[in-house]
Amino acid sequence: MSPQDFKVGQGVTVDTRPIPLVLLTKSYRSITLIAAVVIFLLIINLPTPEGLTFTGQKALATFALCLVLWITRALPLAVTSLLALVLIPMLGILDSTEAFSLFGNQAVFFILGAFILAAAMMKSGLSSHMALIFLRRFGGSPGRLLAGVLLVPAFLSFLMPEHAVAAMMFPIVLEVAHGLDLKPQKTIYGQALFHSLAWGAAIGGVATYLGGARNALAVGILKQSTGEFIGFFEWMIAVLPTVLVMLGVAYLALRRFFPSDVVSVEKAVKLIEEKNKSLGKMNAEQRLIGIIMVFTVIAWIFLGSRFELASIAIVAVVALFVFQLIKWKDLEEYVNWGIILMYGGAIALGFALEKSGASSWIAETTVTKWTDSPFLIVALIALVSLLLTEGMSNAAVVAMLMPVGLGIARQYGIDFKIMVFAISVPAGLGFAFPIASPPNAIAYSSGFIKPRKMFTIGIMMDFVALLVFLLMTQIYWPLINLDL
Amino acid sequence: MNTDHNSGELKLELITKGVRLDRSALSSKEIVRALDIANQVHNPLELDLILPGKVLVNIAIQECLDKETNYRLIKEAEDFFVVNKDLKVKVYLEPPPKFYDQLTTSGKIMAKVGRKYGDYLLVTPTGACEFLSGDMACKYCDVDAKNTDDKSVQDVLETIEAASAEGAAEFVCINVGYISSDDGGISMVLPFVKEIKKNFDVLICVQAQPPKTDEWIDLTYASGIDSLAYNLEVYDEEIFNKIAPGKMSLVGRDRYFQALARAAKVFPSGAIVSNLIVGLEPVESTFKGIDILTAMGVVPTLPIFRPVPGSDLESHIDLTPESLSPIYVHLQNALKRNRLSSSWISHFNVVVNAIDAHYFGGEAPVKRQWPTVLKSKKRSKLALNLRRRLRVRTAEDNESTGL
């Protein structure tokens, strides 16, 4: 882009730090790429350690290369995954037919279907309708409105990707804030509203496969590597209590740490009413999409094990096109195609690590050395997942930890499903940084949130989330036959 | 007759007192042409003189300057001289650029589109400045509201091309005036900047009003503008409010300081300038303004107040060369103290800047140089572009690569 093409709204900023620092930042990507290649070559050329085959060593080198690239984001996540998909057959870890067939994993098609369904909801305005219908039931007092801004995105994230929910609700919350004359960073209630939006969407996003595609990715890697599977309903049953407790904790934290400095929210209630009226009644298209969505979720719950989640998702997508409820052009705009590519490659890499014995070898040579308590192992994995997600894409966290986690689970005789939950649930519960999750980033862009406050309260929320999750493993999971 | 003189002092004398044109000069082809162009564009006659020591001075020939001036411009054979009863100094009269007479394809006389001041080509694309008349009018401004019709991008490009052909446009300075908008008028300038940068290898400076938010300042730099002026005009708050009521009520003096501080961080050192008009406030106040601005990284430009006939301040003449000279020494010291270079404005002949300070007891002249530390113009421009490439980031760059 030539300098004269910059426009307002592109978030143009000038880095005013000393030039050496700017240079270092700018060359960070090149340094990272070189470092990734060096690490890859180093691992592949080291003497093969005891207990690891040379194929496993090559898988490990590929994993390390992807790890560096995923963490540093020197390449787009999807491109790193594609690189893995190419390196696996090139290095002879798997034959090319097997490697590329892994891209057709049903988790990939489930995610594709879920994205298309979410796209239809957003494009038709159904999601906005739902948000406003639910939101108008709250209001009345600052506390109730805050609860609404927490619970509505949480519920919507049961059905749609959390980032889409946050993006869709962001302008509504912003209008509410402006309607109440809240000043960015100055009014406490304004901060509370945007924290509420971010937390609600993030917490709700762990409840089903639909809220965070990372959940489906984790299950995809599980099925590919072990043959086991977690159904849509089974997932919800296992995770929902954590979600509900966390929503309660979040509300209490919002009330405690952001005491309302607003007396009345009458203006906001009026604004929501007006907005709702301006949308008019739900049209036939929106109703039909809603019906398809409801049937799809019912089918996932009751027919998921018989017909596969991906098949049901794709049938729903076909129905959308049959009734002309969405056009292909809309999908190009709304569907994150990169994530599809990313997940395909990540599943292939996870399988390659598992099949070559590399993941078991990592488990044996690392965690096994210092503890033999399955609970401590799960706690450690959950902590690592939570900390990593604060700094990197939560999908990348899942892609990175799943192969190792499954190896560890096998080593310790831990239920593979528990390992899936231990990795993917905390991976969606990062609260401390704007980059921890898409909802955090979106809420932060409002300008209402103070970074310092986001960090201090977010860290506390992180550890409460970990605690709640671990308590569930001990108290609740045994009741549903998930024994640790 | 004495030919010993001090070019700095003479410059101040000529700026403050003006010069009368002798019959010998008046009949010269250079003056006849300058007068002709001034008449065509309805502007007062301005002459560009180069005094010994390459001291540039732009002199307005106006009635309201000291009518009793002793200085005369005469022509003997092919040479011009500035004379008074004790002095005779040979000067070079820079003839009006050839492009002034040319017409753009839309039929505008180029002297009206762009005016040359030293190496600068000053362009005022729009006549929409809301501070030209009415309650909001700046009391000191010499821009003629009748003479500021809009110019198209094409008009400006053609004028720059013609000016460049005779080496008269190293810098293109775009003056925005005041347009009521959040951006300080930058959006209006951007199409001009885009086309100028695309077609010419020139540096661009913009004189605008501070925008409401700093995001616009970052965008101003990102979009290719090399130097920026938010003109405070006077430091004294009371005088500022009185002589610039529009700036006071629609922008606010504090916003000038905030915007200048941000701009000084964003742009290269020395590229942010702000006018402090000398003669509109007490000297002590100008000193204070110089100190505050330079400490922020802003280079004060010190135009000398020239009363505009018919303006509120027509009779406001309170300047003597003796009162002016300490200001330039003070400016030089302040720039040195804050490690600022005035090289960005060293070729701008309507202001007296620090490079002239040595004439008043300051240090030896700083060598006139192209902006930035590099000596070659080409390398300097490369360095400036590289700096921009390194420093400018978009939200896209800041986001994670990918999902």
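This is a short chat about a predicted model and some of its features.

Me: What should I know about the model before I start?
Reply: The model is predicted, so local features need pLDDT of at least 70 and side-chain atom pairs count only at pLDDT 80 or more, while totals for chains, interfaces and linings use all residues. Residues are numbered from 1 along each chain as its sequence is written, chains are lettered from A and ligands numbered from 1 in the order in which they are written, and side-chain values use heavy atoms, with hydrogens and water left out.

Me: What is the secondary structure of chain A?
Reply: Chain A has 22 helices and one strand, where helices (H or I, at least four residues) and strands (E, at least two) are DSSP runs numbered from the N terminus.

Me: And how much of chain A is buried?
Reply: Of the 484 residues in chain A, 57% are buried; buried means under 20% relative accessible area, exposed over 50%, and partly exposed in between (1.4 Å probe, protein chains only).

Me: Is T242(A) buried or exposed?
Reply: T242(A) counts as buried because its relative accessibility is 2%. This residue is found in helix α11 (residues 232-257) of chain A, and, leaving aside residues up to four places away in sequence, T242(A) touches V468(A), F469(A) and M472(A), a contact being heavy atoms within 4.5 Å.

Me: Where is V318(A), and is it buried or partly exposed?
Reply: V318(A) sits in helix α14 of chain A, and V318(A) counts as partly exposed because its relative accessibility is 46%.

Me: Switching to chain B, what is the strand order in the open sheet?
Reply: The open sheet has six strands in the order β1-β4-β5-β6-β2-β3 (chain B), with mixed pairing, and two strands pair if DSSP finds at least two bridges between them. The edge strands, each pairing on one side only, are β1 (20-21) and β3 (55-61) of chain B.

Me: How many bridges join β2 and β3 there?
Reply: Strand β2 (residues 45-51) of chain B pairs with β3(B) in the antiparallel sense over seven bridges, and L49(B) stands opposite V57(B) in β3(B).

Me: Which strands does helix α1 of chain B lie across?
Reply: Helix α1 (residues 7-17) of chain B lies across β2, β3, β5 (79-83) and β6 (88-94) of chain B, and runs at about 15° to β3(B). Axes are lines fitted to C-alpha atoms, for helices over the stretch in contact, and angles run from 0 to 180 degrees between N-to-C directions.
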